[in-house]
Amino acid sequence: MFIVFSFNFFHGGLCFTTFVFGDSLVDAGNNDYIFTLSKADSPPYGIDFEPSGGQPTGRFTNGRTISDIIGEYLGAKSFPPPFLAPSTEADTIYRGINYASGASGILDETGFLFLGRISLREQVKNFEESRDYMVKVKGENETMEVLKNAIFSLTVGSNDIINYIQPSIPFFQRNKASPSDYLDHMISNLTIHLKRLHELGARKFVVVGVGPLGCIPFVRAIHFISNEKCSEKVNRLIKAYNFRLSGVVDQLNLEFSPKTKFVYANSYAVFTKIIVNYRQYGFVNAKQPCCGGYLPPFICYKDQNQNQSSSSLLCDDRSKYVFWDAYHPTEAANIIIAKQLLDGDETISYPINIRQLYTNNL
C-alpha cells in the first residue's frame with residue numbers, strides 16, 4: 001500500500017517529516033486494518049483525542065501518543081497517517097508515515113499469541129515500499145533530501161521483554177534462552193534494522209529505550225505484586241537491555257558520523273521519575289489503570305448499555321492517572337514524557353535531545 005502526503009509543514013524554516021516505527025505505544029491505527037487480538041478500535045480508546053471527536057483511532061490510549069505530541073511540539077499540523085490506512089494519492093511532498101503495530105516487537109515471533117501484528121522487520125519493508133513510491137514520484141535525489149532531514153523514531157522492545165518474562169503457556173513451551181543471550185538477540189536484530197534504514201536514506205534516528213515494565217499494572221499483576229512496589233527482577237532485565245542499547249547508539253554514531261546522528265531516548269528514567277514522584281506531577285494514582293481494572297483480563301471497553309462516559313471501571317478523571325490501561329500511559333503521562341525527551345539533558349536524550357536533532361543540519 002502506498003501513502004502519499006498532501007502537506008509540507010515548516011517550523012522555524014525547517015520541514016517536519018517523521019517516520020514512526022514501533023509497537024502499541026506509538027501505533028496510530030495500523031492494527032485496525034489487520035486480523036489481530038491487539039486492537040484499540042472501540043470506545044473508550046481515543047475518548048480524549050480531539051481530531052477524531054473522541055472516537056477511537058487505533059491509538060492504545062485515551063488521547064495522543066508520545067510521537068503525536070513530539071510532532072506537535074516540532075510544528076506538525078497533523079499526524080502521520082497509518083501506513084495501512086486507505087489514502088488518496090497527492091502530488092506534493094511527504095509529512096511522514098506511521099508504521100507502528102500493537103503487539104509487535106524487534107523479534108519476528110514476538111506477539112504471536114495476538115495473531116496478527118506487523119513486526120519491526122515488516123515495518124522496515126513497508127517503509128521500503130513507501131520509499132520506492134517517493135522515488136517514482138520525485139526522483140532519487142529529492143527523496144534522499146527529504147529522508148536525510150526526516151526523523152526516524154523507533155519505539156520497540158517492550159513486547160519482546162514482556163513475552164520473555166510472562167509465564168510459559170502449555171503446548172507453547174520452548175527452551176528459554178538465558179537473559180543475557182535473549183537481550184543480545186534483541187540488540188543484534190535491532191541493529192540490523194537500524195542499519196537497513198540507514199541504507200535506505202535515514203540519517204536522523206531516535207531510538208527509544210524500554211520503560212520500567214516492572215511497574216506497569218499487567219506485569220505487577222502477573223508477578224502478584226499488590227503493594228506499592230514494582231517488579232525489580234523485570235526492571236533489572238530492562239536496565240541491562242537499555243545499557244546494551246545505549247552502547248549500540250554510541251557504536252553507530254562512531255560508524256556513521258558525521259552525516260548521521262542516532263539519539264538514545266531514556267524513557268526508563270523519565271517514566272520511573274513520574275511513577276516515583278507522581279503527586280508532584282499532578283497525578284493521584286500511579287499504580288492502577290484508569291480503564292479495564294487491575295486484574296485479568298485487563299480489558300478496557302465501554303458498556304454499550306451505559307452513557308458515553310461510562311466504561312468498565314473507567315476512572316473519573318483521566319488526567320490524574322499515569323496508566324490508561326494495564327499496559328499504556330494516559331495522554332497526561334505521554335505529554336510529560338514527550339516534553340522531557342524533546343528538551344531533556346544528556347541523562348534523558350543522548351548525545352543530544354530530540355529538538356537538537358531536529359534542528360541539526362547533517
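I started with Glu 255, which is partly exposed at 46% relative accessibility (buried means under 20% relative accessible area, exposed over 50%, partly exposed in between, with a 1.4 Å probe and protein chains only). This is a predicted model, so I kept in mind that local features need pLDDT of at least 70 and side-chain atom pairs pLDDT 80 or more, while totals for chains, interfaces and linings use all residues. Residues are numbered from 1 along each chain as its sequence is written, and side-chain values use heavy atoms, with hydrogens and water left out.

Next I looked up the partner: Glu 255 forms a salt bridge with Lys 195, the closest N and O atoms being 3.6 Å apart (a side-chain nitrogen of Lys or Arg within 4 Å of a carboxyl oxygen of Asp or Glu). Lys 195 is partly exposed at 31%.

I searched the whole structure and found 12 salt bridges. One of them joins Arg 318 to Asp 48, with the closest N and O atoms 2.6 Å apart. Asp 48 is partly exposed, at 25% relative accessible area.

I also checked Arg 131 and Glu 140, a salt bridge with its closest N and O atoms 2.6 Å apart. Arg 131 is buried at 10%, whereas Glu 140 is partly exposed at 36%.

I noted a network of salt bridges too, linking Arg 64, Glu 72 and Glu 331.

Last entry: Leu 37 is exposed, with a relative accessible area of 58%.
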